[in-house]
Amino acid sequence: MPYHHILVAVDLTEECDPVIHRARELSVSNGAKLSLVHIVEPMAMAFGGDVPMDLSQLQQQQFDQAKERLEKLKSKYTELVGANCHLTYGQPRQEIHHFAKEQACDLIVVGSHGRHGLALLLGSTANDVLHGAPCDVLAVHLVKR
Ligand code: AMP
């Protein structure tokens, strides 16, 4: 059964290159639609939601920076031309699942560092996304540089 709608989740670092390539290959070979998502994590969330200062300006800067990076990515990768690129606030696992469900995606592609030991305990987005995913998940192995 071919995939119909592939969702690639990117962290907008240089590490997202192999993840995008793999998603693109799969979308071409399956004749599937390709969507891309990046989630900007609210700063208050990173600080445990208990910060006695206004983070709205910083938050806006963070969002604008992500937007800029996404635009750069789009001009770098012709494979993203015509793809449905989406930028949103939230918690990556929750938002990726929500988007996949809402857009009826049947495959989510993420990068995976294959963490070991202590780093494994800290968890990874790939692990997070896998649990409770509404569809198949492909973890693209990222080689350490
Ligand atoms: P990490 O475990 O955070 O190193 O990330 C592993 C993979 O999860 C990345 O290669 C992306 O595919 C995905 N990912 C991480 N953070 C985000 C994010 N903020 N938005 C979308 N996808 C993400």
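Reader: By class, which residues make up the lining of the largest pocket?
Author: This is a predicted model. The pocket is lined by 24 residues. Sorted by class, that lining has six charged, seven polar and eleven nonpolar residues.

Reader: Which helices and strands each supply at least two residues of that lining?
Author: The residues nearest the centre of the largest pocket are V10, D11, P92, T125 and A126. At least two lining residues come from each of α1 (16–30), β2 (33–40), α4 (92–102), β4 (107–112) and α6 (125–130).

Reader: Where is the ligand, and how much space lies in the largest pocket?
Author: The ligand takes up the space of the largest pocket. The space in that pocket is about 470 Å³.

Reader: Which element gives the largest share of the shell around the ligand?
Author: Around the ligand there are 15 residues, with A9, I39, G111, H113 and T125 coming nearest. At least two shell residues come from each of β2, α4 and β4. The largest share, three residues, belongs to β2.

Reader: How much of the ligand's accessible area does the protein cover?
Author: On its own, the ligand has 480 Å² of accessible area.

Methods: Residues numbered from 1 in each chain as written. Predicted model: local features only at pLDDT ≥ 70, side-chain atom pairs only at ≥ 80, totals over all residues. Heavy atoms only, no water. 1 Å grid on protein atoms, 1.4 Å probe; cavity = no way out; pocket = protein on both sides within 12 Å on 5 of 7 lines; lining within 4 Å. Points joined across faces, edges and corners; volume = space filled by probe spheres on them. Helix = DSSP H or I, 4+ residues; strand = E, 2+ residues; numbered from the N terminus. Nonpolar A, V, L, I, M, F, W, Y, C, P; charged D, E, K, R; others polar. Near = heavy atom within 4 Å. Areas by Shrake-Rupley, 256 points an atom, 1.4 Å probe, with all protein chains shown as cover. Sits in = over half its atoms within 2 Å of the grid points.
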